[in-house]
Number of protein chains: 2
Amino acid sequence: MPSPVVAAWGDRVPTRQTQRELKEEILYETAARCFNKNGYHGTSLTDLANELGIKKTSIYNYVADKRELLYGIHVRSLEAARAAKDEAATEKTGLAKIRKMVFNYVSEITHSPTITFILLEDGALAPEQADEVLAGRTALDHELRIWVAEGIKDKSIVPCDPKMVSLLITGGLAWVSKWYNPGGEWSGEQLAESMSIYFARMLSTSFVDQLPAPRPAMAR
Amino acid sequence: MPSPVVAAWGDRVPTRQTQRELKEEILYETAARCFNKNGYHGTSLTDLANELGIKKTSIYNYVADKRELLYGIHVRSLEAARAAKDEAATEKTGLAKIRKMVFNYVSEITHSPTITFILLEDGALAPEQADEVLAGRTALDHELRIWVAEGIKDKSIVPCDPKMVSLLITGGLAWVSKWYNPGGEWSGEQLAESMSIYFARMLSTSFVDQLPAPRPAMAR
């Protein structure tokens, strides 16, 4: 029987479909957190079930296996990175594009627990999935390099090695997935703003005097 | 029978002791590479033995278990980071200290395959080992923050959030372990020099105009 589209008990009780989507989201969030913390091979479906307080067999209502979860997280994260980049591509200079992309991407990874940079462990994905993820990352890195080169040409960025700079920026972004704590002292916006300024300062031809200073801890 | 200290056949044939040390070193290098690539839980002693072309049982001549390898790599890497820091502590300003530390640390990780930043996967180390590694990393991060604060005070570093800046630098350094290829286009020295300049430029109160420009590929 298909899930009803309209809730029988009114709007305050979520429909079965909404509940299912919510549970699926929580499953993906938990998987992303565990894979990041313990590695893909270091996380079992039993670990995930225990973490969620459900039976392992219940997970199979949502995914066929652990790999499907990992692949889903990689796909979402790549899509978010692409969106961050596409939206930044309308900026005028190479520097402004990079600054905006860093801002967009950090905003995304700090706001969604399933948008994250997971290391590609060998054998974790099927070969064709691993190829797809790697190709996506390579394409993003390549475009970042093109923007750095563009910035050198339009004189917004000082002469530098575009490949090395791209790797440094990618590293800084990937690292956020490891240490950022949503309940910690910085909001996603604060971190996104600060990181984009830090990287801009690293590359800019005009002297950016002011870095974001320490702020009082957020009221939460 | 203890291994002879002087080689019976002269200097050109390594002593048994030297051979043993060499094999142990290769075992650790291979383990560091595999743990970094596939995760600790994703690497078995059988994988390591296959990689080395030896029997799994031969590994037990050198270590009691896989965990001992991981712990050894963590200890060496922490010691190297501490040495990089101690040597930089004699510099005059906060900025100069950070710049020197980045240079020293990148030199080390690019020159030794066993000095590397491995993610702390849950359950990979014994609890007291994990506590030790975490305490070592926290201490290093804390001292980095003190240097940033010192640099703000001595006016070599612009006002910024020392904690956030330390995390960005640590991330950049940790990431090198993931992507640096010793046979690639940059020598360890080139990378160490460039990265220390990039980070200095991010923080410096005086405008560092010139970033390291692209160089022709190394003759190797």
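Modeller: Here are the labels, one by one, each with its cut-off.

Modeller: This is a predicted model, where local features need pLDDT of at least 70, side-chain atom pairs count only at pLDDT 80 or more, and totals for chains, interfaces and linings use all residues. Residues are numbered from 1 along each chain as its sequence is written, while chains are lettered from A and ligands numbered from 1 in the order in which they are written.

Biologist: Why is Ala88(B) called buried?

Modeller: Buried takes 20 or more other C-beta atoms within 10 Å of a residue's own, exposed takes 12 or fewer, and partly exposed is in between, with C-beta atoms placed from the backbone. Ala88(B) has 21 within 10 Å, so buried it is.

Biologist: What does Ala88(B) touch, not counting residues up to four places away in sequence?

Modeller: Lys97(B), Lys100(B), Met101(B) and Asn104(B); contact means C-beta atoms, placed from the backbone, within 7 Å. Asn104(B) is 16 residues away from Ala88(B) in sequence, yet their C-alpha atoms are 7.8 Å apart.

Biologist: How do you know that the length of helix H4 of chain A agrees with what it should span?

Modeller: Helices are DSSP runs (H or I, at least four residues), numbered from the N terminus. The expected span is 1.5 Å times one less than the number of residues. H4(A) has 23 residues and should span 33 Å; the end C-alpha atoms are 34 Å apart, so that agrees.

Biologist: Which helices do the buried residues of H4(A) pack against?

Modeller: H1 (16-38), H5 (94-111) and H6 (127-153), in chain A. Among those buried residues are Leu69(A), Ile73(A), His74(A) and Lys85(A).

Biologist: What makes H5(A) roughly antiparallel to H8(A)?

Modeller: Angles run from 0 to 180 degrees between N-to-C directions, with axes fitted to C-alpha atoms over the stretch in contact. Under 35 degrees is roughly parallel, over 145 roughly antiparallel, 65 to 115 roughly perpendicular, and the rest oblique. H5(A) and H8(A) pack at about 150 degrees, axes 8 Å apart, so they count as roughly antiparallel. The contact includes Val102(A) and Val106(A) of H5(A) and Leu191(A) and Met195(A) of H8(A).

Definitions and conventions
Helices (H or I, at least four residues) and strands (E, at least two) are DSSP runs, numbered from the N terminus. Two residues are in contact if their C-beta atoms, placed from the backbone, lie within 7 Å.
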